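Hi,

Here is the structure I promised to pass on.

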Amino acid sequence: MTDDLPDAELDVLATLWSLGPATARAVREALEGRRPMTHGATFTLLTRLEGRGYVERTGDKVGKAFVYRARVRPGRTHRRKVRELADR
């Protein structure tokens, strides 16, 4: 299902699988060592994933920040991607 996602979007989704519900800032900070990006870029990727139905806003907020969660569960391929990210 997620085979069509660009690597950057898949990295963001895999980070949400790893972290659980998180803000864009938390996702950006978790990816910092592997895939540094600006807050705006992280937010854009989360918005794209939300538009495709992979991610949703939970309705919770941390201050003014939205909290996102993955709507799809990782499969075997996705678990491999999460391990690859963790190994980096």
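**What I found**

Helix H1 lies across S1, S2 and S3, and runs at about 90° to S3. (Axes here are lines fitted to C-alpha atoms, for helices over the stretch in contact, and angles run from 0 to 180 degrees between N-to-C directions.) H3 lies across S2 and S3, running at about 125° to S2.

A word on where this comes from: it is a predicted model, in which local features need pLDDT of at least 70 and side-chain atom pairs count only at pLDDT 80 or more, while totals for chains, interfaces and linings use all residues. Residues are numbered from 1 along each chain as its sequence is written, and side-chain values use heavy atoms, with hydrogens and water left out.

**The chain overall**

The chain has four helices and three strands, following the pattern α-β-α-α-β-β-α along the sequence. Helices (H or I, at least four residues) and strands (E, at least two) are DSSP runs, numbered from the N terminus. Of the 88 residues, 36% count as buried; buried means under 20% relative accessible area, exposed over 50%, and partly exposed in between, with a 1.4 Å probe and protein chains only. The accessible surface comes to about 5400 Å², and 46% of that belongs to carbon and sulfur atoms. Those areas come from the Shrake-Rupley method with a 1.4 Å probe; for residues, only the protein chains shown count as cover. Among contacts between residues at least 6 apart in sequence, 53% join residues at least 24 apart, where contact means heavy atoms within 4.5 Å.

**The sheet**

The three strands form an open sheet in the order S1-S3-S2, with antiparallel pairing. S1 and S2 stand at the edges with a single partner strand each, so one side of each has no neighbour in the sheet. Two strands pair if DSSP finds at least two bridges between them. S1 and S3 pair over two bridges, and Thr23 stands opposite Val67 in S3. S2 and S3 pair over five bridges. Among the partners there, Glu56 has Arg69 in S3 as its bridge partner, and Arg57 has Tyr68. The hairpin of S2 and S3 has two residues between the strands, and Gly63 takes a positive phi near 65° in this hairpin.

Leaving out residues up to four places away in sequence, Lys61 touches Phe66 and Val67. The C-alpha atoms of Lys61 and Ala22 are separated by 9.6 Å, with the two residues 39 apart along the chain.

**How the helices pack**

The axes of H1 and H3 come within 10 Å and cross at roughly 85°. H1 and H3 are therefore roughly perpendicular to each other; angles under 35 degrees count as roughly parallel, over 145 as roughly antiparallel, 65 to 115 as roughly perpendicular and the rest as oblique. On the H1 side, Ala8, Glu9, Val12, Leu13 and Leu16 meet Leu45, Leu46, Arg48 and Leu49 in H3.

H1 also packs with H2: their axes come within 10 Å and cross at roughly 100°, so this pair is roughly perpendicular as well. Here Asp11, Val12, Thr15, Leu16 and Leu19 in H1 meet Ala26, Val27, Ala30 and Leu31 in H2.

Which residues of helix H2 (residues 24–31) are buried? They are Ala24, Val27 and Leu31. These residues cover an arc of only 65° around the axis, which puts them on the same side of H2. (The arc is that of the directions from the helix axis to the C-beta atoms.) The buried residues of H2 pack against helix H1 (7–19), strand S1 (22–23), helix H3 (39–51) and strand S3 (65–70).

**Glu9**

Neighbours within four places in sequence aside, Glu9 is in contact with Leu45, Arg48, Leu49 and Arg52.

Cheers
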